[in-house]
Amino acid sequence: MTTVTERAALQDALGLLKDREQIAERLLESSAKHSFDPDKELDWDAPAIEGKYYWPPELLSLYGTPLWKKMGEEQRIDLSRHEAAALGSLGIWFEIILMQLMVRHIYDKSLTSKHVRYALTEIADECRHSMMFARMIQKAGAPEYPVSRLNHNLARILKTVSTTPGSFACTLLGEEILDWMQRLTFPDERVQPLVRGVTRIHVIEEARHVRYAREELRRQMLTAPRWEQELTRISCGEAARVFSLAFVNPAVYDNIGLDRREAVAQVKASGHRREVMQSGAKRLTDFLDDIGVLRGVGRRLWQSSGLLA
């Protein structure tokens, strides 16, 4: 059960919270040692290797479905190329949202604090990540895959009404599931070297972003007014529903010669796909449950998203 002690020592179900400035100082030190310039770090001129995937087969939306079993190896690899581009496009969309939410968070904070300095460092990371993803999409020879107009505008509303804790909950939603997938991708020798390099950089730098967001969300869920905590639970649940839908872009199926309706139906019916998404979200949902985010209507929205069993 979450409790609030004196202002100097906040405690929740996970224990005592660490000092904001100490956390930021450690993250800044890590950023100084382990930050990358993708333009210099990766070999963008190397040609793609024939026969290698662009995303691990088991993480592709159609893996294990009847359609997958009918597809030849070449078409499966093409699916991976387009789905990697769709996930890169999703990542850019999400990081643009995240950068706006981060700027809102620090707007009324001390501009000389380490907490704000780290937030600006993270925003710089996200700028590089977005450019890196865009370059990866182009290098793969795939189109960009914007989210649907509905989801695009729902995110616009979310950015406007999001509470501070809601912003950090949504940050974790976007970061942790993709992070889980990328941790499986960068060591996978079946995958193109460029994609492995991109995911390796992203995993290393996102680990800091996740730590920052987790610590701040814990603090916010202890100190925010009750109405703000309740709104956070609902907005986070709705974000989970939207995000899970955006994870599959149906245009991918058109572009590799599959019937869109049949493919979407098979993805929805796929037990393997459901297990992948829930496995990717489990570390996050366990954390959100521990700190009191997954309650009431919000929990039901998470269940309807398919990310929570």
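This is a predicted model: local features need pLDDT of at least 70, side-chain atom pairs count only at pLDDT 80 or more; totals for chains, interfaces and linings use all residues.
Two packed helices are described by the angle between their axes and the distance between the axes. The table gives these values for both pairs.

| Pair | Residues | Axes come within | Crossing angle |
|---|---|---|---|
| H4 and H6 | 73–106 and 149–161 | 10 Å | roughly 15° |
| H7 and H9 | 164–185 and 226–246 | 8 Å | roughly 30° |

**H4 and H6**

The axes of H4 and H6 cross at roughly 15°. Angles under 35 degrees count as roughly parallel, and H4 and H6 are therefore roughly parallel to each other. Their crossing is right-handed. On the H4 side, the residues that meet H6 are Trp 93, Ile 97, Gln 100, Leu 101 and Arg 104. On the H6 side, Asn 151, His 152, Ala 155, Lys 159 and Thr 160 take part. Sorted by class, this contact has 4 nonpolar, 4 polar and 2 charged residues.

**H4 on its own**

Ser 89 is found in H4. Is Ser 89 buried or exposed? Its relative accessible area is 10%. Buried means under 20%, so Ser 89 is buried. Leaving aside neighbours within four places in sequence, Ser 89 is in contact with Ile 137, Glu 144 and Tyr 145.

**H7 and H9**

The axes of H7 and H9 cross at roughly 30°. That makes H7 roughly parallel to H9, and the crossing of H7 with H9 is right-handed. From H7, the residues in the contact are Thr 164, Pro 165, Gly 166, Ala 169, Cys 170, Leu 173, Gly 174 and Ile 177. They meet Glu 228, Thr 232, Ser 235, Cys 236, Ala 239, Ala 240 and Phe 243 in H9. By class, the contact of H7 with H9 divides into 9 nonpolar, 5 polar and 1 charged.

**Arg 226**

Arg 226 lies in H9. The relative accessible area of Arg 226 is 68%. Exposed means over 50%, so Arg 226 is exposed. What distance separates the C-alpha atoms of Arg 226 and Asp 259? These two residues are 33 residues apart along the chain, and their C-alpha atoms are separated by 48 Å.

Conventions
Residues are numbered from 1 along each chain as its sequence is written. Side-chain values use heavy atoms; hydrogens and water are left out. Axes are lines fitted to C-alpha atoms, for helices over the stretch in contact, and angles run from 0 to 180 degrees between N-to-C directions. Helices (H or I, at least four residues) and strands (E, at least two) are DSSP runs, numbered from the N terminus. Angles under 35 degrees count as roughly parallel, over 145 as roughly antiparallel, 65 to 115 as roughly perpendicular and the rest as oblique. A crossing is left-handed if the near helix is turned anticlockwise from the far one by less than a right angle, and right-handed if clockwise. Contact means heavy atoms within 4.5 Å. Ala, Val, Leu, Ile, Met, Phe, Trp, Tyr, Cys and Pro count as nonpolar, Asp, Glu, Lys and Arg as charged, and the others, Gly among them, as polar. Buried means under 20% relative accessible area, exposed over 50%, partly exposed in between (1.4 Å probe, protein chains only).
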